[in-house]
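Subject: Structure for your review, with notes on helix packing

Dear colleague,

Please find the structure we discussed placed just below. My notes on what was found in it follow directly after.

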Amino acid sequence: IVNIVLAVIAVSLIVLLTLPSLVTAFLITLNVAFCLIEILGFMWALGIAIDVTSVINLVLAVGLSVDYSAHVGHSFMMKGGYSRPKRVIEALADMGSAVLAGGMSTFLAVAVLLFLKSYVFYVLSRQLCVTVILGLAHGLILLPIMLSLWGP
């Protein structure tokens, strides 16, 4: 739990330094935190123990989760002169397909590992597939909704 909290703090500091808005940085950090909590829940449901392999994958999950949300958040911030819902639509039009393509290519690359018997590949493949699905859902669905309601 301490490592997850420290990872979320690190994410919030870096996002805060790279985005000009406290609100957008907070919403992206909140999305990443939600994603990590949900990944931990899926780990429990899949019977994946917290060990060296799964923690390394959680660190990778932090990076991927930030990637999916930060691109959409940054694109939202670069749109000006519109209402929040219009800026969200413009941001998704600009970055949504690229984020989705990146997530799908990552998912397809990892999906072939789902059928291997090794414990390391079992944990890696399931955690990364869950990470990509949740990261895309948060970056392309939840974050745009949050930005349209509470964005700057």
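Predicted model: local features only at pLDDT ≥ 70, side-chain atom pairs only at ≥ 80, totals over all residues.

I begin with a contact between two helices, in which Tyr68, His71, Val72, Ser75, Phe76 and Met77 of helix 3 meet Arg84, Arg87, Val88, Ala91, Leu92, Asp94, Met95, Val99, Gly103 and Thr106 of helix 4.

The crossing of helix 3 and helix 4 is right-handed.

Helix 3 also packs against helix 5, here at an angle of about 25° and with the two axes 9 Å apart. Since angles under 35 degrees count as roughly parallel, helix 3 and helix 5 are described as roughly parallel to each other. Their crossing is right-handed, and the residues of the contact of helix 3 with helix 5 divide into 17 nonpolar and 11 polar, with no charged residue among them.

A further partner of helix 5 is helix 2, which runs over residues 22-46; the axes of helix 2 and helix 5 come within 9 Å and cross at roughly 145°. This crossing of helix 2 and helix 5 is likewise reported as right-handed, and the residues of the contact divide into 18 nonpolar, six polar and two charged.

Asparagine 57 is located in helix 3, and it counts as buried because its relative accessibility is 4%. Once neighbours within four places in sequence are left aside, asparagine 57 is in contact with Val123, Leu124 and Gln127. The C-alpha atom of asparagine 57 is separated by 9.3 Å from that of threonine 131, although the two residues are 74 residues apart along the chain.

Leucine 143, in helix 5, has a relative accessibility of 0% and therefore counts as buried. With neighbours within four places in sequence again left aside, the contacts of leucine 143 are Leu27, Ile28, Asn31, Ser69, Val72, Gly73 and His138. From leucine 143 to serine 97 the C-alpha to C-alpha distance is 15 Å, for a separation of 46 residues in sequence.

Alanine 137 belongs to helix 5, which spans residues 119-150.

Not counting residues up to four places away in sequence, phenylalanine 121 touches Leu113 and Leu116. Phenylalanine 121 and phenylalanine 76 are 45 residues apart in sequence, and their C-alpha atoms are 36 Å apart in space.

Finally, a word on annotation. An unreviewed UniProt entry lists residues 6-30, 42-66, 95-116 and 128-150 under "transmembrane region". In the model, the span of residues 6-30 is 88% helix and 0% strand, and its end C-alpha atoms lie 14 Å apart. For residues 42-66, the corresponding values are 80% helix and 0% strand, with the end C-alpha atoms 19 Å apart.

Notes: Residues numbered from 1 in each chain as written. Heavy atoms only, no water. Left-handed = near helix turned anticlockwise from the far one by under 90°. Helix = DSSP H or I, 4+ residues; strand = E, 2+ residues; numbered from the N terminus. Contact = heavy atoms within 4.5 Å. UniProt positions renumbered as here; feature names shortened; annotations may be inferred. Axes fitted to C-alpha atoms, helices over the stretch in contact; angles between N-to-C directions. Parallel < 35°, antiparallel > 145°, perpendicular 65-115°, else oblique. Nonpolar A, V, L, I, M, F, W, Y, C, P; charged D, E, K, R; others polar. Buried < 20%, exposed > 50% of the residue type's maximum accessible area, 1.4 Å probe, protein only.
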